[in-house]
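Here is a short report for a reader new to this structure. Look over the sequence and the model, then read on.

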Amino acid sequence: MNKEAFNKGLETRRAVLGADYVDNSLKNADEFNMPMQELVTEYCWNEIWNRPGLDRKTRSFLNLAMLIALNRPHELKLHVRGAINNGLTKEEIREVFLQAAIYCGVPAAIDAFRTAKEAFKEMES
């Protein structure tokens, strides 16, 4: 593991997903899954999220759409929060979900709306 890349990724990961969530993920990691936490933090959150080609808001748009297409509600919920942190509005998130309804299917979009409502409710409390 490249400690510098990990630390840069950790900074970005905390900014997008929230320090509490990220710190809890790392605190709860054990010998089995800590290598995955390190991989995701170093490569996903540093090497990709910190690339200059797209801003964080655009990356969030893309992540929401891809997670709907892949039917990954847990990750979608997390990235709905991240999208808000990256400056997306609820209206913009809604538009991503409506677009996904056409290209990914109505059931996937309905699940996305349900998941987002849960995320919004948790963010308000």
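## Salt bridges across the helices

Lysine 90 has a relative accessible area of 40%, so it counts as partly exposed. This is a predicted model. The partner of lysine 90 in a salt bridge is glutamate 124, with 3.4 Å between the closest N and O atoms. Lysine 90 belongs to helix H6 (residues 90–104) and glutamate 124 to helix H7, so the pair ties together parts 34 residues apart in sequence. Glutamate 124 has 59% relative accessibility and therefore counts as exposed.

Another bridge joins lysine 77 and glutamate 118, and its closest N and O atoms are 3.4 Å apart. Lysine 77 is in helix H5 and glutamate 118 is in helix H7, so this pair links parts that are 41 residues apart in sequence. Is lysine 77 buried or exposed? Lysine 77 counts as buried, because its relative accessibility is 16% and the cut-off for buried is under 20%. Glutamate 118 is partly exposed, at 39% relative accessible area.

## A network and a further pair

The count of salt bridges comes to 9. Shared partners join Lys77, Arg81, Glu118 and Glu122 into one network of salt bridges. As a general point, side chains of opposite charge can pair when their charged atoms come close.

Aspartate 23 and arginine 14 also meet through their side chains, in a salt bridge of 2.7 Å from N to O. Aspartate 23 is partly exposed, with 33% relative accessible area. Arginine 14 counts as partly exposed, at 33% relative accessibility.

## The largest pocket

The largest pocket has a volume of about 360 Å³. Its lining has 18 residues, and the closest to the pocket centre are Val40, Cys44, Leu67, Glu75 and His79. Which elements give two or more residues to this lining? They are helix H1 (3–17), helix H2 (19–27), helix H3 (34–48), H4 and helix H5 (73–85).

H3 gives the largest share of the pocket lining, 5 residues. By class, the pocket lining divides into 11 nonpolar, 5 polar and 2 charged residues.

## The cavity

How many cavities of 30 Å³ or more are there? The count comes to 1. The volume of the largest cavity is about 70 Å³. Empty space of this kind shows up when a probe the size of a water molecule is rolled over the atoms.

The largest cavity is lined by Leu67, Ile68, Asn71, Arg72, Pro73, Leu76, Ala108, Asp111, Ala112 and Thr115. At least two lining residues come from each of H4, H5 and helix H7 (106–124). H7 supplies the largest share, 4 residues. The cavity lining has 6 nonpolar, 2 polar and 2 charged residues.

Leu54, Leu62, Met66 and Leu70 make a nonpolar surface patch of about 360 Å². Leucine 62 sits in helix H4 (residues 56–69). With 41% relative accessibility, leucine 62 counts as partly exposed.

Where does leucine 70 lie? Leucine 70 is in the loop between H4 and H5. Leucine 70 counts as exposed, because its relative accessibility is 52% and the cut-off for exposed is over 50%. Leucine 70 and cysteine 104 are 34 residues apart in sequence, and their C-alpha atoms are 8.8 Å apart in space.

Definitions and conventions: Residues are numbered from 1 along each chain as its sequence is written. This is a predicted model: local features need pLDDT of at least 70, side-chain atom pairs count only at pLDDT 80 or more; totals for chains, interfaces and linings use all residues. Side-chain values use heavy atoms; hydrogens and water are left out. Patches are made of residues with over 30% relative accessible area and no salt bridge: like charges are joined within 9 Å, nonpolar side chains (Val, Leu, Ile, Met, Phe, Trp, Tyr) within 5 Å. Accessible areas come from the Shrake-Rupley method with a 1.4 Å probe; for residues, only the protein chains shown count as cover. A salt bridge is a side-chain nitrogen of Lys or Arg within 4 Å of a carboxyl oxygen of Asp or Glu. Buried means under 20% relative accessible area, exposed over 50%, partly exposed in between (1.4 Å probe, protein chains only). On a 1 Å grid over the protein atoms alone, a cavity is a set of points where a 1.4 Å probe fits but cannot get out, and a pocket is an open set with protein on both sides within 12 Å along at least five of seven lines; lining residues have an atom within 4 Å of a point. Grid points are joined across faces, edges and corners, and a volume is the space filled by probe spheres set on the points. Ala, Val, Leu, Ile, Met, Phe, Trp, Tyr, Cys and Pro count as nonpolar, Asp, Glu, Lys and Arg as charged, and the others, Gly among them, as polar.
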